[in-house]
Amino acid sequence: MSDLDQLQTQILAEIAAASDEAAIEAVRVAALGKKGSISALLATLGKMSPDERKTEGAKINLAKDTVTEALTVRRDVLKTAALDARLASEIVDVTLPVRDTPADQGRIHPISQVMDELTAIFADMGFAVAEGPDIETDDYNFTKLNFPVGHPAREMHDTFFFNPKEDSSRLLLRTHTSPVQVRTMLSQKPPIRVICPGRTYRIDSDATHTPQFHQVEGLVIDKGSHLGHLKWILAEFCKAFFEVDNVNMRFRPSFFPFTEPSLEVDIQCRRDKGEIRFGEGEDWLEILGCGMVHPNVLRACDIDPEIYQGFAWGMGIDRIAMLKYGIPDLRQMFEGDVRWLNHYGFKPLDVPTLAGGLSP
Ligand code: DAH
């Protein structure tokens, strides 16, 4: 057998043994590619005498055609086999039920849900939503809210401070949503009716406290606003939010630097086998702080207390979420466990409205 016949037999054997399209391509490159074995033989033709070229050229070209043909046939066989295998493995049973879309699978966190619920309730009463930054100045978080520098009430806030700047002022993570009151009064003219839901931060961590939590602030500034208005608003809110016809509330005197008088509000409830019912029972549960905005705060925000009065309140969102939805441990709210979220979360397409239902 001549060298050329031997080479052709060997290549045809390799073609027959190639088990997939990548393998067949490798054989093609080795034989017919730029540096392939048959291409190398074709390159020798140039150095031959015309007679030799005639006979050898015909033989080499015949071998090339044979190999090319064999490659094409084998490639088609392998291609069909690959497609058949894929079709067999990727069978789609169109009679199976459709899987939930991501929008159906996802869950809204109870805190987001409760923020949406309370926004719907207060929006219905004519309140707009105001927002402020999580990183605040000492001035907005404390001084303009009538916490004098060095006043012990500042210490009660367990504040996260940033490193002092060159002018020795320090930024901080806001300890309450009350600085948004200041921002709103400085940027809007009365009458003002806003709620300010958002994140707040304090150095505190146990079963009922987390370093980051949520509050919603309420602020009304107008001529002739008084505690009676505040009481009505809070009672209406509680009835709508807890979805009960009657909520008994108790207003206790308290102290906040930014309100005078200051009050804390408890709602009547009954605790029974780990469940809480509102509007009845013999227990009281604190849900918020409130009061008439202190004249010093109004003055610090360029509002004349002789003309305008106002009231404000601050409520813990995590707390009312736990109460309404029977969530026992505050810390789990922040753990990001999907199993917990699947249990306590809400369907994203069920948006709370007063007409359609707050907690479908
Ligand atoms: N900022 C207070 C706190 O975090 C809560 C509060 C109390 C807000 C009374 C108010 C208010 O607007 O009037 O403890």
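## Domain layout

In this predicted model, the centres of domain 1 and domain 2, taken over C-alpha atoms, are separated by 80 Å. Domain 1 covers residues 3-89 of the protein chain, and domain 2 covers 102-344.

## Helices H1 and H4

Helix H1 spans residues 3-17 and helix H4 spans residues 50-89; their axes come within 10 Å and cross at roughly 5°. Angles under 35 degrees count as roughly parallel, so H1 is roughly parallel to H4.

On the H1 side, the contact is made by Leu4, Gln8, Ile11, Leu12, Ile15 and Ala16. The H4 residues in the contact include Ile60, Ala63, Val67 and Leu71, as well as Lys59 and Arg74. By type, the residues of this contact are 10 nonpolar, 2 polar and 2 charged.

## Nonpolar cores

The largest nonpolar core has 47 residues, and those touching the most other members are Leu118, Phe122, Phe237, Ile267, Ile287, Trp313 and Ile320. Among the elements that each supply at least two residues of this core are helix H6 (110-124), helix H10 (227-242), strand E7 (259-272), strand E9 (283-293) and H12.

Leaving aside residues up to four places away in sequence, Leu118 touches Ile195, Val216, Phe237, Ile317 and Ile320.

## Helix H12

Helix H12 (residues 317-325) is largely enclosed by the rest of the structure, because 8 of its 9 residues are buried. Among the buried residues are Ile317, Ile320, Leu323 and Tyr325, together with Asp318 and Lys324.

Definitions and conventions. Residues numbered from 1 in each chain as written. Predicted model: local features only at pLDDT ≥ 70, side-chain atom pairs only at ≥ 80, totals over all residues. Heavy atoms only, no water. Domains from an automatic or database assignment. Buried < 20%, exposed > 50% of the residue type's maximum accessible area, 1.4 Å probe, protein only. Helix = DSSP H or I, 4+ residues; strand = E, 2+ residues; numbered from the N terminus. Core = buried A, V, L, I, M, F, W, Y, C linked by side-chain atoms within 4.5 Å. Contact = heavy atoms within 4.5 Å. Axes fitted to C-alpha atoms, helices over the stretch in contact; angles between N-to-C directions. Parallel < 35°, antiparallel > 145°, perpendicular 65-115°, else oblique. Nonpolar A, V, L, I, M, F, W, Y, C, P; charged D, E, K, R; others polar.
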